[in-house]
Protein chains: 2
Amino acid sequence: MKYQDYSREQRDAELSTLWEGINKIKEKNIKLNMARGVPSPDQLDLSRKMLDILTSESDCHAEDGTDCCNYGVMDGIPECKKLMADVMGVTPDMVMVGGNSSLNMMFDTIALFMTHPVTGGTPAWSLVPDRKFLCPVPGYDRHFGVTEYFGFQMIPVPMDENGPDMELVEELVKDPTVKGMWCVPKYSNPSGISYSDEVVRRIAALQPAAADFRVMWDNAYCIHDLTDDHDEILNIFEECEKTGNIDMPIEFCSTSKITFPGSGVAAMAASANNMAVIKGKYKLQNIGYDKLNMLRHVRFFGDIEGMKAHMKKHAEILRPRFEIVLNKLGENLDELGIIRYNRPRGGYFVCVDVLDGTAKRVVELCKEAGVNLTGAGATYPYGNDPHDSNIRIAPSFPSLEDLASAMDIFCLCARIAALEKLNA
Amino acid sequence: MKYQDYSREQRDAELSTLWEGINKIKEKNIKLNMARGVPSPDQLDLSRKMLDILTSESDCHAEDGTDCCNYGVMDGIPECKKLMADVMGVTPDMVMVGGNSSLNMMFDTIALFMTHPVTGGTPAWSLVPDRKFLCPVPGYDRHFGVTEYFGFQMIPVPMDENGPDMELVEELVKDPTVKGMWCVPKYSNPSGISYSDEVVRRIAALQPAAADFRVMWDNAYCIHDLTDDHDEILNIFEECEKTGNIDMPIEFCSTSKITFPGSGVAAMAASANNMAVIKGKYKLQNIGYDKLNMLRHVRFFGDIEGMKAHMKKHAEILRPRFEIVLNKLGENLDELGIIRYNRPRGGYFVCVDVLDGTAKRVVELCKEAGVNLTGAGATYPYGNDPHDSNIRIAPSFPSLEDLASAMDIFCLCARIAALEKLNA
């Protein structure tokens, strides 16, 4: 029966029982973290052997003869450009391999466009005081952090199971001060949905008023499938080629959730026009990123097939964790009518909508019981979830046992918060 | 006898002989590179064992328990902050460890100040259309590249054997649009001189009109001594503490020329006020730089004493190269009155002033004979050496034999260019 259909007395009785449960848990002084999409130690162990790849005896030359121990090669050694191109489904000439973080490359890109024109005929974005950025919601808090830092007015665009509301996007881009849009097209952070073919095609077909409108295509989870039966998205560059919009998308990816977060390799892909502007900055910024680490990655994986085989091992570790989350939600909450959630086939998150107006309270209750969740609202620009309902659950890091405990606590807290709200 | 005192006939005869010499060399189709301060393969081998430090069996936790294989720690693991603090002679709390490149950290810092105020009460530099930066000359072309990119008017400040002309600097900083100064205080690139105590004290005592005037203290060669009898510079932060200017300097260093260029560790040091602004950006830009590489460095060196012992091995490889350059210059050019040069006790360059108006011609002649030098003028803002006399010689990369050949060619070309000039 749904909580909404409980009588006041039933709710009060239920609340008492739930509080007893939560108070018992508090006595255990549990400390569990489901706040961020962080690989578990088991997953990190999968890449341990990469640390043996380069030794003092290794030949550290790239295939073009570059000594990876020395200066040079601003956009990455050829074999790493090839590997990251295959990850993104583009050609190596479109790729620049950077440092350890795709977030850093995205930040650098927005920073670049703040001080220098994106195209020949447009002003740098810092000269557009009412600059705006489209932010599909729920979305990635670190994306929103970047555009907030650079003074963009962030416009939330609701997502459904197909991706962002394209009717709204098509309307919004008629405003020439709308300069770009954040996208996590596959296994979106946090909703886990992948953009439908129609959504990708409509993005590719956009006719923004701003010639310097850019789509930040953060393909963070491009090969991060949980099951063999996984999502596929259209190739944004192929679609934009057809529509004459090849300069619109800039794609990003990294091996942070493939090898070692923080010691991986990040890359971006863009059209020749965009790359000319981007490399015009990078060549002044850095003589060349860590080529030994690029070499380490290439020799560890061999090629994209090796990397995909590696991702299946990640999936084997991650899948049971997602199952625990989904099973716990299903068993404890489905019939109570206080929750909606997705069943992602990849990525790092389960996105939960608790009863409107209770997300902050659920996160607070969980914290008191020892479970750390992403702050409620973090998935919205300015941390402002208008429904106060969205919570991002990151099941990757805890052990299976801890995760089960954490989800029990979460479900208790979601029920308490819902009953409090219904009683209010 | 000086070329200036030769008769026209003597010069013509000398020129003929020199051309014969250079034409013979051209037949050999030599290809030698002295363009950039790049460590030689022998030097890189010194750090080879660092590649064995972390293996699949290693404990990859930092001393505070951080798993260096995973996300986190935005400003560097504690032991690496300590090491880089010791390199710069500061306390670890003043340090942020970044990616693989101090140039990138300098670029990031200027980029930050372009879009965000340096201090509470000042406008972002992009809002100052006539912004200016002081550039001691000759200086580092990549520094000038950064400030040119961000639209600063670069004001050259002549250097002598004590550092920049401080009388001029003290005058120039009265202009509130002068926002900063580039400094390579020890073994300056390219002149090889180190700032005298008086110069450092006068920099620390500056009273710039701009509250957001910042000194970019690129201590690239802080432990890069060639001999035991080496230069010492005053600690800029200690001096600025005394003058109440602690927020003025921002220091940079890296292990690019200690371990592997491109796979080293970069760091910066700054006051608490500056660090608050700088980290306020970095926390949005990157979740944390490569901690495994930090760990690799710390475990390879142990501590600053280990690193200094390592630098002595570099010196043993570099010293003979500097001796060849200086001996060749001395033997071939000293008595001709067409050259001035320094005798650095560290760093990566020998800085040569050929006869006024001949530097471009010398570089061109060398190139024709197979020797690639840094472009003439590169050591000045906008590539504009008003005397067309300065040439940066980078002796580190070639073998001893190649270097001797290259210097023979250089000396021939310097003589030819001088005679052509005197005959003109």
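B:Glu364 and B:Arg361 both sit in helix α12 (residues 359-368) of chain B, three residues apart, about one turn of the helix. Helices here are DSSP runs of H or I with at least four residues, and strands are E runs of at least two, numbered from the N terminus. A salt bridge joins B:Glu364 to B:Arg361, with the closest N and O atoms 2.9 Å apart. The term salt bridge denotes a side-chain nitrogen of Lys or Arg within 4 Å of a carboxyl oxygen of Asp or Glu. B:Glu364 counts as partly exposed at 40% relative accessibility. B:Arg361 is also partly exposed, at 25%. Buried means under 20% relative accessible area, exposed over 50%, and partly exposed in between (1.4 Å probe, protein chains only).

The model is predicted; local features need pLDDT of at least 70 and side-chain atom pairs pLDDT 80 or more, while totals for chains, interfaces and linings use all residues. Residues are numbered from 1 along each chain as its sequence is written, chains are lettered from A and ligands numbered from 1 in the order written, and side-chain values use heavy atoms, without hydrogens and water.

Over all chains, the search finds 46 salt bridges. One of them pairs A:Asp212 with A:Lys179 at 2.9 Å, N to O. A:Asp212 lies in the loop between α7 (197-204) and β7 (214-218) of chain A and A:Lys179 in strand β6 (residues 178-183), so the pair ties together parts that are 33 residues apart in sequence. Both residues are buried. In chain B, B:Lys186 bridges to B:Asp225 at 3.2 Å between the closest N and O atoms. B:Lys186 is in the loop between β6 (178-183) and α7 (197-204), and B:Asp225 in the loop between β7 (214-218) and α8 (236-243), 39 residues away. B:Lys186 and B:Asp225 are buried as well.

Contacts (heavy atoms within 4.5 Å) between the chains involve 56 residues of chain A and 56 residues of chain B. Together the chains bury about 4600 Å², 52% of it on carbon and sulfur atoms. Buried area is the accessible area (1.4 Å probe) lost when two parts are put together, summed over both. On the chain A side, A:Tyr71, A:Tyr149 and A:Leu284 lose the most area to chain B, together 15% of what that side buries.

The largest nonpolar core has 195 residues, and A:Ile203 and B:Ile203 have the most contacts inside it. Such a core is a set of buried Ala, Val, Leu, Ile, Met, Phe, Trp, Tyr and Cys residues joined through side-chain atoms within 4.5 Å. Residues touching B:Ile203 include B:Met166, B:Trp217 and B:Met248, not counting residues up to four places away in sequence.
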